[in-house]
Amino acid sequence: MRGRLLQTILRRYSFVHFSPLNNRFATLSKSTTSSFASLSSYSTPTLENPSPPQPYCRIISAQIHDAKLHKNQDNILKIYTSSQQHFTHFNYAHIFTALSNSNDPSNLRKLRDDSRFVAILNFTIEKVTLVPTGSGCEFFTVRELLNIAHSLGKLEIKNYLFFKGVERQHLRVAQQGTPQELAMLLWACVNVGFRSPQLFESISDQYSRIVREGDTQSYAMIARAYAKNNIKADMLFHEISTKAETIAREGTVQGLSNICWSFARNGHYSDALFSEIAGERERIAREGSCQALALTLWAFATCGCFDRALFVEIANCSGNRLVKRGNAQAVSNTLWAFAIAGFWVEGSELIDQLWDRVLTETRENENINIKSDSYATHMKQLYHCYAAANVECNLFSRNECNVPRKIANLPSELLERMVEPFSQLTITTSRSQLEVSRKLEELNFDHELEVSPFAITKKSDEESNTFKGQDSIDKFLTIDIASVDEKIAIEYNGPQHYLRKMIRKNNSNGSGKGRWKNKDRGRRNTKDDFYVKLIESGRTKFKRRLLERLGWKVLIVRFNHWSYAFNMKAERAFLVNMFNEKLNR
C-alpha cells in the first residue's frame with residue numbers, strides 16, 4: 001500500500017510544465033525515490049505545524065531554486081501557475097526570495113504589474129492579516145514571514161497591508177526571530193518607508209538576546225534602522241556598545257561607519273565604542289570608501305569625539321581619494337567635520353583641495369536642483385566651514401601659515417548659493433528661554449534675545465572680521481540671551497544639544513533587585529539599573545568655541561537643571577548661583 005502511494009506521488013509531481021527544466025527534475029524524481037520511501041515520517045498538520053513539508057513541496061522548492069539560479073522570473077511565476085494548488089507556506093516564502101534575486105530594475109517594474117505576482121502577494125497578505133494574532137494558527141513561521149518582508153524590501157514594494165500584518169504579530173516576531181532575521185525585517189521597513197514604533201519597541205526589548213546571539217553586521221543593520229526612523233532605543237544601543245572591542249576588530253569599514261553614523265544620528269554617546277573604532281584608523285583610512293570615510297568623520301564630529309589622530313590619518317592617507325572620487329555629500333560632510341572639530345591646521349591641505357573641488361563643480365554644474373533638501377544640506381555644511389574659518393583662522397584680516405587659504409577667495413556666485421538656505425530660516429524663541437529672560441529681568445540683568453555676535457562685532461570693532469554674506473550669518477549663529485555691553489552670552493540648551501549615555505548605577509551589581517523585569521522577554525529594568533548622563537554634542541561645543549573666540553563669556557542653562565529649579569520655585573536662586581560660579585560676582 002505504501003509503495004503504491006509513493007508511486008502515485010512521484011508520477012503526479014515529477015513532471016514539469018515548461019521544457020527548460022524537464023530533464024533536471026525527471027532525474028531529481030528518480031534520485032529522490034529512496035528519500036520518500038518512508039512516508040510514515042510525515043506528521044499530520046497541526047496548529048504548531050500547519051503544513052509540514054511534503055515530497056511535492058520539496059520538488060517545487062527545487063524547481064524554484066533552479067529558476068532562481070538562472071534569475072528567470074517568468075519561469076518562477078510559471079511554477080506557481082502550474083502548481084499553485086500544492087504550494088505550502090514554505091513554497092510561498094521561497095518564491096518571494098527567488099523573485100527578489102533579480103537586480104534588473106526593468107524586471108522589477110514588470111514584476112509589480114504581473115497578475116501572477118499580484119495573486120501571490122494578495123494570498124500572502126490574506127494569510128498574514130486575517131489570522132487572529134496569538135491564535136497559534138499563523139500560516140507562516142516567523143522565519144518565512146521575515147524572509148517575505150526582506151524580499152519585499154529588496155523589491156521596494158511598499159505594501160502597507162502586509163507590513164501592518166507583520167506589526168500585528170510584533171511580539172511573536174520579536175521573540176522568535178533571530179538577530180539576523182530581525183535585522184533584515186528592520187532594513188525592509190526602512191527601505192519601504194514603513195514606520196512602526198510598536199514593532200521597533202518590541203524588537204528593542206530583546207536587546208540582551210540580540211547582542212548575545214548577533215554579529216557585527218546585524219548590530220550595524222539594526223542600529224541603522226532605529227537611527228533612520230528616529231526611534232530611541234537607549235538600552236539596545238548601550239548593549240551594542242558593550243561589544244565595542246568585537247565590533248571594531250571584526251567589523252568591515254563600511255559597517256563601522258554605519259554604526260558610528262547610527263549612534264550619532266540616534267543621539268547615543270559611547271566613548272568606549274568611538275575609542276575602539278578610532279583605534280582602527282589605519283585600516284579605516286586604507287580600506288574605506290569615500291562615503292564610509294566621510295560618514296565616520298561626520299559621526300565623530302556630531303558626537304563631539306574630536307579624535308585628532310583619526311582626522312589626521314584620514315587627511316594624510318585618504319585625502320586624495322576623497323578629493324578625486326568623493327561625491328558632493330562626502331565632500332561637504334568632510335569639510336563640515338573638520339570645521340566642527342576645529343582641526344584647521346591638521347587638515348589644511350585637504351580642506352584647500354576639497355574647496356578647489358567645490359569651486360570646479362560650481363563652475364561646471366549649472367543645472368543643479370537648488371530646491372532639493374540634499375542640496376540645501378550640502379550648502380549649509382559648506383557655509384558652516386566658511387563661517388567658522390573666518391572666526392578661527394582670521395582668514396580675512398591677516399595671513400597665517402598652515403591654515404586653509406582657498407576659503408578666503410570664494411566667488412560671489414558660490415556665496416549666494418551657500419547663504420540661501422540660511423536666509424530662509426526663521427529664528428524662534430522657546431517658552432523656556434522666555435522664562436529665563438523674565439527671571440533675568442527681575443534680577444536687573446540687561447539683555448537682548450537672539451543676538452548675532454557678528455553684528456555686534458561689526459558695530460563695535462573697526463577691525464572686525466566681517467565678510468560676504470553678513471546678513472545670513474547673523475542667522476547662522478545667534479546668542480539666545482546676550483548682554484551686549486558686558487559680552488556675556490547665556491545659552492539655554494534644550495535636549496537637542498545633548499547626547500545620551502547610559503551609566504550603570506553604583507548599587508546595581510547585576511544581581512538581585514532590578515536585574516530582570518521579565519525573564520522570558522529578557523528585558524532589563526533600566527529604571528533601577530541605569531541612569532542617563534547628558535553629553536554635549538559636537539555642534540554645541542562648536543558654537544561655544546566660536547563665541548569664546550569672539551570674546552564672549554558663555555554661560556549654559558541646561559534644560560534639566562532649569563526644569564528642576566522651576567519645579568522647586570528656585571529660578572532666581574539658580575541664576576544667582578550660576579553668575580557667582582561662572583563670573584565670580
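## Helices H7 and H9

Let us start with a helix pair: H7 and H9 cross in a left-handed sense. Please keep in mind that this is a predicted model. H7 covers residues 115-129 and H9 covers residues 160-168. Their axes lie 9 Å apart, and the packing angle is about 25 degrees. H7 is therefore roughly parallel to H9, as angles under 35 degrees fall in that class.

On the H7 side, the contact is made by Thr124, Ile125, Val128 and Thr129. H9 brings Leu161, Phe162, Gly165, Val166 and Arg168. Sorted by class, the residues where H7 meets H9 are five nonpolar, three polar and one charged.

## H9 and its contact with H8

H9 also packs with H8, here at an angle of about 145 degrees and with 11 Å between the axes. The crossing of H8 and H9 is left-handed.

From H8, the residues in this contact are Leu145, Ile148, Ala149 and Leu152, and they meet Phe162, Phe163 and Val166 of H9. The contact of H8 with H9 has seven nonpolar residues, with no polar and no charged ones.

H8 has another link to look at. Arg143 forms a salt bridge with Glu181, and the closest N and O atoms are 2.8 Å apart. Arg143 sits in helix H8 (residues 142-155) and Glu181 in helix H11 (residues 179-192), so this pair ties together parts that are 38 residues apart in sequence.

The two partners sit in contrasting surroundings. Arg143 has 53% relative accessibility and counts as exposed, whereas Glu181, at 7%, counts as buried.

## Other salt bridges

The structure holds 20 salt bridges. As background, side chains of opposite charge can pair when their charged atoms come close. One of the salt bridges joins the side chains of Asp271 and Lys501, with an N to O distance of 2.9 Å. Asp271 belongs to helix H18 (residues 271-278) and Lys501 to strand S4 (residues 498-504), so the pair ties together parts that are 230 residues apart in sequence. Asp271 is partly exposed, with 37% relative accessibility, while Lys501 counts as buried at 17%.

Glu287 and Arg286 also meet through their side chains in a salt bridge, at 3.5 Å from N to O. Glu287 is partly exposed at 47% relative accessibility, and Arg286 is exposed at 55%. Elsewhere, Asp74, Lys78, Asp114 and Arg116 are linked in a network of salt bridges.

## Helices H20 and H23

Next comes another helix pair. Helix H20 (residues 290-302) and helix H23 (residues 328-341) have axes that come within 8 Å and cross at roughly 30 degrees. That angle makes H20 roughly parallel to H23. The crossing of H20 and H23 is left-handed.

H20 contributes Cys290, Ala294, Leu295, Leu297, Trp298, Ala301 and Thr302 to the contact. From H23 come Ala330, Asn333, Thr334, Trp336, Ala337, Phe338 and Ile340. By class, the residues in the contact of H20 with H23 are 11 nonpolar, three polar and no charged.

Ala264 is found in helix H17 (residues 253-266). With 8% relative accessibility, Ala264 counts as buried. Setting aside neighbours within four places in sequence, Ala264 is in contact with Trp298, Ala299, Thr302 and Cys303. Of these, Trp298 and Thr302 are also among the H20 residues in the contact with H23.

The C-alpha atom of Ala264 is separated by 7.6 Å from that of Phe300, a residue 36 places away along the chain.

## Asn229 in a loop

Our last stop is Asn229, in the loop that runs between helix H14 (216-228) and helix H15 (234-241).

Val190 is 39 residues from Asn229 along the chain, and their C-alpha atoms are separated by 7.1 Å.

Methods: Residues numbered from 1 in each chain as written. Predicted model: local features only at pLDDT ≥ 70, side-chain atom pairs only at ≥ 80, totals over all residues. Heavy atoms only, no water. Helix = DSSP H or I, 4+ residues; strand = E, 2+ residues; numbered from the N terminus. Axes fitted to C-alpha atoms, helices over the stretch in contact; angles between N-to-C directions. Parallel < 35°, antiparallel > 145°, perpendicular 65-115°, else oblique. Left-handed = near helix turned anticlockwise from the far one by under 90°. Contact = heavy atoms within 4.5 Å. Nonpolar A, V, L, I, M, F, W, Y, C, P; charged D, E, K, R; others polar. Salt bridge = Lys/Arg side-chain N within 4 Å of Asp/Glu carboxyl O. Buried < 20%, exposed > 50% of the residue type's maximum accessible area, 1.4 Å probe, protein only.
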